[in-house]
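Biologist: Got the model open. Can you walk me through a few contacts?

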2 protein chains.
Amino acid sequence: MPRVIKAAAAQVGAVHITARKADTVQRLINLLREAAEQKVQLVVFPECTLTTFFPRHFFASQDELDKYFEHGEDITQSADVKPLFDEAKKHAVDFVLGYAERTSDGIGYNTSVYFSAGEGKVINKYRKVHLPGTVEPFEDPKATNQLEKRYFKPGNLGFQAFRAPGLVADSLKQSGHVKDGEELVGKGDPIVGMLICNDRRWPEAWRCYTLQGAELIVFGFNTGGNMAHLWGSKPMSPEEAQKEALFHSRLVQQGNSYMNACFSVSSARCGLDDGKYDLIAGSAICNPEGHIIAEAKTTGDELVIAELDLAECRQGKEKTFDYDRHRRIETYGLISSQTGVVEPPLL
Amino acid sequence: MPRVIKAAAAQVGAVHITARKADTVQRLINLLREAAEQKVQLVVFPECTLTTFFPRHFFASQDELDKYFEHGEDITQSADVKPLFDEAKKHAVDFVLGYAERTSDGIGYNTSVYFSAGEGKVINKYRKVHLPGTVEPFEDPKATNQLEKRYFKPGNLGFQAFRAPGLVADSLKQSGHVKDGEELVGKGDPIVGMLICNDRRWPEAWRCYTLQGAELIVFGFNTGGNMAHLWGSKPMSPEEAQKEALFHSRLVQQGNSYMNACFSVSSARCGLDDGKYDLIAGSAICNPEGHIIAEAKTTGDELVIAELDLAECRQGKEKTFDYDRHRRIETYGLISSQTGVVEPPLL
């Protein structure tokens, strides 16, 4: 039976360090309204959407740093962000939002939440597991910092796939698989998993979700396009570095979507922050055969929309990647028992 | 320090069901000689190279089936294959060879061996872990069978990375990192892992090798290009199906090479077996950034050659994919503890 949802990556262009949070939220609201007009049911916003990508800066002062965080565990209580939740409820659009979270215990996480308009609440929270970058700032003053390992702890919620209620209800009714008046609760609800940015390069993360049946994996990202100065082995121009970053971003989304027989939606925070920090765009929707079916055309605020029929996951999940028949966990022990590399002995 | 090896995929075109094994071995010898002339140090032959890809046929008779296997654990004792080992020793060329192995206990494995010319012996054996296909033949007489699950047991040797002795010796001497007369044993020996065909679609397999520091992953494949009749969800022409199969083959090689920061060499048994069974070509050498640097131009016997500087793995292994700093094994438990899918509860 067809199980179609209309989804969008809501790409967000430059957010300067001086931007007011309420103004940035207004841009998200504009994107969400436009999505609602186009009958989109699920909107995926980027990683750390509410501010400039602050881990590129070293803040000596905790107060200065804390401006970039949402405080407390419940993002729906944030005064700046509340209008976005209200708007989503009004238009009955689900959304995924990435932001920097400061818990009541004072711990920082790189977080995303799934807001279900039907349920009227956040139904899942994910905290980024694979933090890139360094704890200490670079000594080279020309190098752009990536201080996620300083500002965040690795996520402590694991990879918890979840059902997104009601998303395929219209599709089931239209195709006659649900009759008028019939109970819809749970019927065909898509199984979703959230990742954040660098997680997408780690096949372990995707696999943990698809071992729970995930049909749709969504993630936002902030990916530097001007990191040429950091790429030691192959000196390249900023233009080449940007092209290479985009190539890698597409490659891991396509490869992991195929090898996990799932759809994926990726959403970029992109453009030229503060007129000089270049982030790649390339927000994309990928199908379970690894083909990109919709992709950003700009480096600014933009909706990337596609209809996804989750039934298309079945071919992969039931054949080439039928885990029950093909996976051999007795050979995979190293993956979860050994963090780093242990080389074989010399002959 | 540069650690350069010259490697080749030795692609092998059609092998008909009537082909004599000794004649097929002669084709491999021709490829190996040509490689030696071009100063190639390592030649990678395909999966089940010595016969037609027999798992497409149902054999009721064990005797009939056994013609396609090499018997006993030591392939170097096989009369038909011995000339290949002799030739490799003579030219000082290492090679990887895939074949069907029948152990002295009567168990069938889809196997490959690494022959070290310097050591004068097989130094590693791998038995395919991820067997595709079915135990029972298809009922549809038009469907091409894939009876690997009937004819083989899943490999029982795990993923054992190993050192390939001496391969970078010339490179170290030329760059002055090893002085004349200096002891070479073990110095910079590449760390290698072998996969076979369908294994390449399973990120677990690659990761098990690179958790042992693998810098080079090699695999042969037999991949049907005319499987359109089996692809239920998206009816496509044979030409489209072949294009799609090649797309997936490239995607997983590129994606996994990048996410594991290793080189890879893939070698196809390809062409039109018996004038009707189409196998894709596309033997390829991929670098640790996920770019294909050499690729087959034909669907017949062909060498695909490239110089690989293993030092290019360092960028990935020491930064983006520095396992020690980034992997979070406390979140990966499902991967090695749960074979199939366990879906989340309904909300």
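Modeller: Leaving out residues up to four places away in sequence, A:Asp273 touches A:Ala14, A:Val15, A:His16, A:Thr52, A:Phe53, A:Arg56 and A:Leu279. Contact means heavy atoms within 4.5 Å. This is a predicted model, where local features need pLDDT of at least 70, side-chain atom pairs count only at pLDDT 80 or more, and totals for chains, interfaces and linings use all residues. Residues are numbered from 1 along each chain as its sequence is written, chains are lettered from A, and side-chain values use heavy atoms, without hydrogens and water.

Biologist: Is A:Asp273 buried or exposed?

Modeller: A:Asp273 is buried, at a relative accessible area of 0%. Buried means under 20% (1.4 Å probe, protein chains only).

Biologist: New topic. How is chain A laid on chain B?

Modeller: By a turn of 180 degrees and a shift of 0.0 Å along the axis, with an RMSD of 0.0 Å. The two copies are therefore related as by a two-fold rotation axis. In chain A, the C-alpha nearest the axis belongs to A:Gly255, 2.7 Å from it. The superposition is least squares on C-alpha atoms of residues with pLDDT of at least 70 in both.

Biologist: And which residues meet between α6(A) and α6(B)?

Modeller: A:Pro203, A:Glu204 and A:Arg207 meet B:Pro203, B:Glu204 and B:Arg207. Two of the contact residues are nonpolar, none polar and four charged. Here Pro counts as nonpolar, and Glu and Arg as charged.

Biologist: At what angle do the α6 axes cross?

Modeller: Roughly 140 degrees, and the axes of α6 (residues 203-210) in chain A and in chain B come within 11 Å.

Notes
Axes fitted to C-alpha atoms, helices over the stretch in contact; angles between N-to-C directions. Helix = DSSP H or I, 4+ residues; strand = E, 2+ residues; numbered from the N terminus. Buried < 20%, exposed > 50% of the residue type's maximum accessible area, 1.4 Å probe, protein only.
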